Amino acid sequence: PLDAIPDPSKETSIFWHIPKSGGTAVKTLYECLGTTLANQVGVDPKFNLQDKNEVIAFHPWPGISRASYVNVDTTSKPGLNRARKMGLVPSGLVDLIITSEVSHAAEYLFDESHKGHILALFRHPVDRLVSKFFYLREATWDPQYRPQWKNLNILEFAKNKNRENNYVVKKLAGLGVNDTATEEDLRIAMRTIKMRFVVGLLDEMEESVRRFNVVMGIDETDMENRECMNHLLHDSVGARNYNSDARLHKVETGSTVW
């Protein structure tokens, strides 16, 4: 419950990674802060830990980054099921679980004896879809890369190519991408967020990070931690670019594209 005082020594946090909503910046920040993370990094074959049956925390980049990871993949439902069998949360080895499958993670990884908090960074849906369009037409490294979108303008994408609708509501209501979200689904999603989520907003990144740090027990007076946060929030050429696409590709409120 959100009215309970956070106890990071006994709780594990989940970060719901909503695509194109600052999730990569959050991951980079908590790597810099030296926390132990779970996403898909820990099962990269180059670390040779993907077939171990016990949870192992390790430093992927010693001497370069303070980050540590555990050898599970929390980005997919099969990976989350494996993490549950391995006892990820009871192990106490992970500080932050990063996943897009937030409902599945909350249901399968936690129980009455092992509790936690769900953190999420939200972004206006129009800004998020504009970001998705400009990102996927350039992102050759991404499995969803769409080079054919280079020949489209944003209006053509909005009218003819965008198939995403009510992403956040559908995820929280347990619906598939092709299902239709109803007003009741919206009410359920809003109630779930109000009761269960520590809410951050991409447009209010500094306050969002402060909230997340309180839940996770991050010492903001520590010099190294302060440097990490300053790099994200204030450096003009650093990770401050978490919202750069919104500045570059601004869509006017009330326009045809909007």
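1. The sulfurs of cysteine 32 and cysteine 228 sit 2.0 Å apart, where a disulfide is taken to be a pair of cysteine sulfur atoms within 2.5 Å. Searching the whole structure turns up one disulfide. Cysteine 32 belongs to helix H1 (residues 23–32) and cysteine 228 to helix H10, so the bond ties together parts that are 196 residues apart in sequence.

2. Before going on, a word on the basis. This is a predicted model, in which local features need pLDDT of at least 70 and side-chain atom pairs count only at pLDDT 80 or more, while totals for chains, interfaces and linings use all residues. Residues are numbered from 1 along each chain as its sequence is written, and side-chain values use heavy atoms, with hydrogens and water left out.

3. How exposed or buried are the two cysteines? Cysteine 32 has 32% relative accessibility and counts as partly exposed, whereas cysteine 228, at 6%, counts as buried. Here buried means under 20% relative accessible area, exposed over 50%, and partly exposed in between (1.4 Å probe, protein chains only).

4. Now to the helix that holds cysteine 228. The axes of H9 (residues 205–216) and H10 (residues 223–233) come within 10 Å and cross at roughly 150°, which makes H9 roughly antiparallel to H10. Angles run from 0 to 180 degrees between N-to-C directions, with axes fitted to C-alpha atoms over the stretch in contact; under 35 degrees is roughly parallel, over 145 roughly antiparallel, 65 to 115 roughly perpendicular, and the rest oblique. Helices are DSSP runs (H or I, at least four residues), as are strands (E, at least two), numbered from the N terminus.

5. On the H9 side, the contact (heavy atoms within 4.5 Å) is made by Met205, Glu206, Val209 and Asn213. H10 supplies Met229, Leu232 and Leu233.

6. Two asparagines may be worth a look in your viewer. Most residues other than glycine have a negative phi. Asparagine 48 has a positive phi, near 60°; this residue lies in the loop between strand S2 (36–38) and strand S3 (57–58) and is exposed, at 57% relative accessible area.

7. Asparagine 166 likewise has a positive phi, of about 60°. This residue is found in the loop between helix H6 (154–161) and helix H7 (167–173), and is partly exposed with a relative accessible area of 38%.
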